[in-house]
Amino acid sequence: MEVIILSDADEIGVVGADAIAALLARKPDAVLGLATGSSPLAIYDELARRYAAGKISFHRARGFTLDEYVGLPADHPQRYRNVIDEVFVSKVDFAPDAVQGPDGLAADIPAACAEYETAIRDAGGVDLQILGIGTDGHVAFNEPGFSLGSRTRIKTLTRQTRMDNSRFFGDDTDAVPTHCLTQGLATIMEARHLILVATGRGKAEAVHQLVEGPISALWPATVLQLHPHVTVLLDEPAARRLQLVDYYRETYRAKPEWQGI
Ligand code: GLP
């Protein structure tokens, strides 16, 4: 796991966008795993800027989102499929239907989850997955206690996550759906490169557990320690609880530029 501590979200955006640009340069039809939440926004903004400047294109790329609320109407602004359109997809040149998400309105939820897994596999798997992390260590919507070997399925959100996300629902926790569809941890672990972004002091404990804690269902993100290619992009406040912080800084400073992330 490579830990990179950067000065702010803008710098995180540049480093994340560089990795995606390098991937698209060698594989224009790459499959991207897209996360919602505020953490990846700096990367999406930087990618949109580079697209507007004619430096990058997504016209052959494909995308799969991580998760979705169950039951939100198709036109609800907080439906993750709409959120990712608004913050990223609509600002670049993905082909129509090149980006898909789990269907939170499906009549047959288990069948829709199985189809989603098949769609990812048929696309050749995810080349680069962007991830955020919840304050309780969840990734996508895989909450504490969930199986570390899970696949895409329906789950119940914790009260903590519903409280965290209530800011998008008029600060009303009860307005946040109780259920979600989420890629499982085993699904996410099959992506070839994982880039996890965390900013702010509120994420410091989850980041410490993710990087340095014992692998445990109590902190679902810790399963990422078993992945061969994970990059963790942090700002200073999110890195403040890391035990080996000096070593991470030293390693990144000494890294040959040709290596990329
Ligand atoms: C939500 C999403 C996650 C995201 C997390 C953190 O619960 N399902 O994919 O990583 O929130 O969000 P933020 O980046 O806004 O802190």
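Predicted model: local features only at pLDDT ≥ 70, side-chain atom pairs only at ≥ 80, totals over all residues.

Biologist: Okay, which residues are closest to the ligand?
Modeller: S38, S39, D67, H138 and K203 are the closest, out of 14 residues that surround the ligand.

Biologist: How far is the polar side-chain atom of S39 from an oxygen atom of the ligand?
Modeller: 2.5 Å for S39. R167 also has a polar side-chain atom 3.1 Å from a ligand oxygen, and for N165 the distance is 3.4 Å.

Biologist: And how much of the ligand does the protein bury?
Modeller: The protein buries 94% of the 390 Å² that the ligand exposes when taken alone.

Biologist: Which pocket is that space?
Modeller: The ligand takes up the space of the largest pocket.

Biologist: Switching topic, what does UniProt list as "active site"?
Modeller: The unreviewed entry lists D67, D136, H138 and E143. Of these, D67 and H138 are included in the lining of the largest pocket.

Biologist: Where is D136 found, then?
Modeller: D136 is in the loop that runs between strand 6 (128-131) and strand 7 (153-156).

Biologist: Last one: which residues does the domain annotation cover?
Modeller: Residues 17-225, annotated in the unreviewed UniProt entry as "Glucosamine/galactosamine-6-phosphate isomerase". That span is 31% helix and 15% strand, and its end C-alpha atoms are 23 Å apart.

Key. Residues numbered from 1 in each chain as written. Heavy atoms only, no water. Near = heavy atom within 4 Å. Polar contact = N/O pair within 3.5 Å; in protein donor to acceptor, adjacent residues only side chain to side chain. Areas by Shrake-Rupley, 256 points an atom, 1.4 Å probe, with all protein chains shown as cover. 1 Å grid on protein atoms, 1.4 Å probe; cavity = no way out; pocket = protein on both sides within 12 Å on 5 of 7 lines; lining within 4 Å. Sits in = over half its atoms within 2 Å of the grid points. UniProt positions renumbered as here; feature names shortened; annotations may be inferred. Helix = DSSP H or I, 4+ residues; strand = E, 2+ residues; numbered from the N terminus.
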